[in-house]
Amino acid sequence: MPRQSPIFRKKSSSWRLPVELLTFGLYFLCGVLLILSRIGHGTVADARDELAELTSPLFAAASVPVIEARHAVRRVRTYAGGLGEIDRLKQENERLHEWEWRAKLLERKVEHLRKLLSAVDEPALHFTTGNIIADARGPFVRSVLVNLGREQGVRAGYAVINGDGLVGRTIGAGASVTRVLLLNDLNSRIPVLVGPAGVRGIVSGDNSGDLTLEFIPDGAALYLGDEVYTSGSDGVLPRGLRVGSVSGGAGSFKVRPHADLSALDTVSVLFFNSPTLASAGPASAPNACELPTVEGPPIPPAAGKVSAAEPVTSSGVKKIGEVTGSTAPVTRVRQ
């Protein structure tokens, strides 16, 4: 190996001692500062705060380019994502235009078929909205009182709904208060259609959270989650009101109502003047309960004395009075 020049060897030895002393001093100072900071010395804390105040403008100035660079990267990413979003919205808009054209074509076909069949349009349903003012629940009763009555045009037999679906029907209307029989009451029976096939059945209440689905035709295909809506075959409720969805299993189908019957607040009463309600006459007192019309021969009087019956009306509905000594409600039987 070539030997190092004496000049460079002398200069290297002259710098070595000061560097070692400076390094030792820095290490010693760091150790002292570390020990003082660990023991919580006030002088060190004050010095650290002063140093932070002095260097904060420098750090703020140095961070400006970094912050601007981050914002620039974020804007570039946003623009890049916006271009992709614009392309997606254009494609979705094209699909919607196609569906709009199909919908208009189907509307024209339906209108043409209705004209060929001379179909009559269903009347528009008017409604009035009120609040629940009392909850008359008990072991065998599920009903509520609404601050609507005959003054607002409410009669017995009208459907009551909220934003989720059917709640029940009115069973008695006073001047300013109406009693509503809820779907889950034991006396509630609603004819319904189930699923896309429109399977007919009866939804009845049992004072629980779910409703019972009865009188389903043999061999009918029902599936969990099928939509249940009113059929209107009773002549009291309009067709197509949402009731709930199918739950449970085969042999014990249940219907879970869309409306939360245990937490009702605001409801609407639908003015559906069907022929059945028109023949029923004016609404009775708030505590009265009207049973739905029953098709069939007249019921023979039971044992005991029965008050005189009123004459048969033009619609063939005969009112039968109450049995002596009984509190049974008036029943209408179609002859």
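Before the first stop, one term: a residue is buried under 20% relative accessible area, exposed over 50% and partly exposed in between, using a 1.4 Å probe and protein chains only. This is a predicted model, so local features need pLDDT of at least 70 and side-chain atom pairs count only at pLDDT 80 or more, while totals for chains, interfaces and linings use all residues. Residues are numbered from 1 along each chain as its sequence is written, and side-chain values use heavy atoms, leaving out hydrogens and water.

**Start inside.** Select Thr178. With a relative accessible area of 1%, Thr178 is buried. Thr178 belongs to strand β5, residues 178-182 (strands are DSSP runs of E, at least two residues; helices are runs of H or I, at least four; both are numbered from the N terminus). Follow the Thr178 side chain to the backbone oxygen of Leu148, 2.5 Å away. Beyond neighbours within four places in sequence, the contacts of Thr178 (heavy atoms within 4.5 Å) include Val144, Val154 and Thr170.

**Next, the core.** Select Leu166, Val192, Val194, Leu213, Val228 and Val243: these have the most contacts inside the largest nonpolar core, which has 37 residues. Such a core is a set of buried Ala, Val, Leu, Ile, Met, Phe, Trp, Tyr and Cys residues joined through side-chain atoms within 4.5 Å. Zoom in on Leu213, and you'll find Val192, Val194 and Phe253 among its contacts.

**Now the charged pairs.** Side chains of opposite charge can pair when their charged atoms come close. A salt bridge here is a side-chain nitrogen of Lys or Arg within 4 Å of a carboxyl oxygen of Asp or Glu, and the whole structure has 7 of them. Go to helix α2 (residues 42-117), where Arg88 and Glu85 sit 3 residues apart, about one turn of the helix. Their side chains meet in a salt bridge at 2.5 Å, N to O.

Which residue forms a salt bridge with Glu100? Pick Lys104, with the closest N and O atoms 3.5 Å apart. Glu100 and Lys104 are separated by about one helical turn because they are 4 residues apart in helix α2.

**Last stop.** Select Arg256 and Asp210, whose side chains meet in a salt bridge at 3.7 Å, N to O. Arg256 lies in strand β11 and Asp210 in the loop between β7 and β8, so this pair ties together parts 46 residues apart in sequence.

How values were computed: A polar contact is a pair of N or O atoms within 3.5 Å; within protein, one must be able to donate a hydrogen and the other to accept it, and residues adjacent in sequence count only if both atoms are side-chain atoms.
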